[in-house]
Amino acid sequence: MGDRTAADPERELAVLACVHDCLRVSEGEDFRISTTAVDEVLDELNSVERSLWDPR
């Protein structure tokens, strides 16, 4: 994971939210996107946050 901080995945989530909003505007309210990317970023955020509490 290197020297990533909790802010890095938070920025990625913000970008994904923006992309999602843009796609919904262009494709319509019923447009659904896969949650795989969001799940991966959330998993990484949780991992970073855990490492801040439990440095090994």
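Select Cys 22 and find its sulfur. The closest cysteine sulfur belongs to Cys 18, 4.3 Å away, and that is too far for a bond. Keep in mind that this is a predicted model.

Why is that too far? A disulfide needs two cysteine sulfur atoms within 2.5 Å. By this rule, the count of disulfides is zero. Now click Cys 18. This residue is in no disulfide, and its nearest cysteine sulfur is that of Cys 22, at 4.3 Å.

Next, select residues 7–27. This is helix 1, with 21 residues. From first C-alpha to last, helix 1 reaches 30 Å, close to the 30 Å expected at 1.5 Å a residue.

Move to Asp 8, which lies in helix 1. Asp 8 has a relative accessible area of 17%. Buried means under 20%, so Asp 8 is buried. What joins the side chains of Asp 8 and Arg 11? A polar contact of 2.3 Å does.

Go on to Gly 28, which follows helix 1. Check the backbone angle: the phi of Gly 28 is positive, near 105 degrees.

Finally, zoom out and colour by secondary structure. The chain has two helices and zero strands. Of its 56 residues, 11% count as buried.

Key: Residues numbered from 1 in each chain as written. Predicted model: local features only at pLDDT ≥ 70, side-chain atom pairs only at ≥ 80, totals over all residues. Heavy atoms only, no water. Helix = DSSP H or I, 4+ residues; strand = E, 2+ residues; numbered from the N terminus. Expected span 1.5 Å × (residues − 1). Buried < 20%, exposed > 50% of the residue type's maximum accessible area, 1.4 Å probe, protein only. Polar contact = N/O pair within 3.5 Å; in protein donor to acceptor, adjacent residues only side chain to side chain.
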